Amino acid sequence: MDDDEFRESLKGDPVQAAEIYWKEMLYRAHIVCLVSAFKTLCWIEALDSTFENYYGFCTSLRGLIESCSDAFYTLRSTPLTLARDFFVIKEQINRRSGVITLHENLEGLLLHYIQATRLSPSQKRQYPDSFSAKSVRDYLSTMDNEKLDHLYQWLCGIAHPAYESTRIFLFCYEGQTIVCNDSYEMERVLIRDILQAYAPALTKMIRTYMNNLISIFMLLNEFEIENIVTTVDNESEFKETAIWAEVQQYIYESEFLYRHGHYEQKT
């Protein structure tokens with residue numbers, strides 16, 4: 001349903017329009033989570049295949065960091081956003097409510113993940129802000145991980161013309177500079193050193209990313225829409241975490257807000 005059809009539907013049958021709107025919104029959230037998961041898995045597989053190639057490893061690690069940060073930028077507020085309005089959303093989906101709610105900010109964020117790209121100045125005037133890609137710094141800053149920031153800058157030095165990208169070929173011996181392409185052992189040592197130095201930061205990044213993703217998958221399951229039900233391994237364990245406890249608290253409160261007139265009736 002395009003925008004014009006949706007606006008007409010809001011006038012003619014707002015209950016049906018609300019059902020369509022929120023089903024499409026939850027489908028979109030599910031799509032973003034799946035795409036993010038598959039994209040991140042591809043970067044992890046790339047890392048796994050490059051443990052003897054310094055350039056390949058650093059490029060793949062940089063890609064993994066960008067992938068996790070990009071997704072977290074989009075999805076970080078999604079669990080609590082949906083949980084806060086869980087009851088009214090579910091009532092709209094099941095056509096049991098005269099309340100009509102929309103969430104333009106969530107719409108924009110989900111659209112941003114799938115559609116955003118680098119726009120020219122004229123294109124920026126033509127398209128909504130959600131179509132314009134942010135800088136990597138904007139995405140990375142949401143992770144709040146200072147060591148990860150430092151690692152990312154180092155990895156950029158590998159990919160771009162910089163000392164970090166040339167050092168594995170240059171050696172000094174008895175006052176002479178030697179250029180050598182037989183850097184196999186050194187590459188393995190450098191990769192090991194990166195992992196040892198930044199293991200805590202990378203662990204924090206993956207945990208932050210995965211906790212957010214699992215929260216959304218589990219919350220989507222609560223809406224009981226067959227096409228977006230996802231099997232989550234160790235679901236019972238995750239339900240014992242403080243992260244899920246906060247989501248659950250918002251879900252409980254959402255029914256209270258609905259039943260006590262927090263939302264204005266539209267029909």
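Which residue forms a salt bridge with E91? Select E91 together with R96: the two form a salt bridge, with their closest N and O atoms 2.8 Å apart. A salt bridge here is a side-chain nitrogen of Lys or Arg within 4 Å of a carboxyl oxygen of Asp or Glu. E91 is buried, at a relative accessible area of 10% (buried means under 20% relative accessible area, exposed over 50%, partly exposed in between, with a 1.4 Å probe and protein chains only).

This is a predicted model, in which local features need pLDDT of at least 70 and side-chain atom pairs count only at pLDDT 80 or more, while totals for chains, interfaces and linings use all residues. Residues are numbered from 1 along each chain as its sequence is written, and side-chain values use heavy atoms, with hydrogens and water left out.

Next, select R137 and D149, whose side chains meet in a salt bridge at 3.6 Å, N to O. R137 belongs to helix α8 (residues 136–141) and D149 to helix α9 (residues 146–159), so this pair ties together parts twelve residues apart in sequence. Helices (H or I, at least four residues) are DSSP runs, numbered from the N terminus. R137 is partly exposed at 38% relative accessibility, and D149 is partly exposed at 21%.

Finally, move to K39 and D70, a salt bridge with its closest N and O atoms 3.6 Å apart. K39 lies in helix α2 (residues 14–48) and D70 in helix α3 (residues 54–75), so the pair ties together parts that are 31 residues apart in sequence. K39 is partly exposed, with a relative accessible area of 32%, whereas D70 is buried at 14%.

Technical notes: Helix = DSSP H or I, 4+ residues; strand = E, 2+ residues; numbered from the N terminus.
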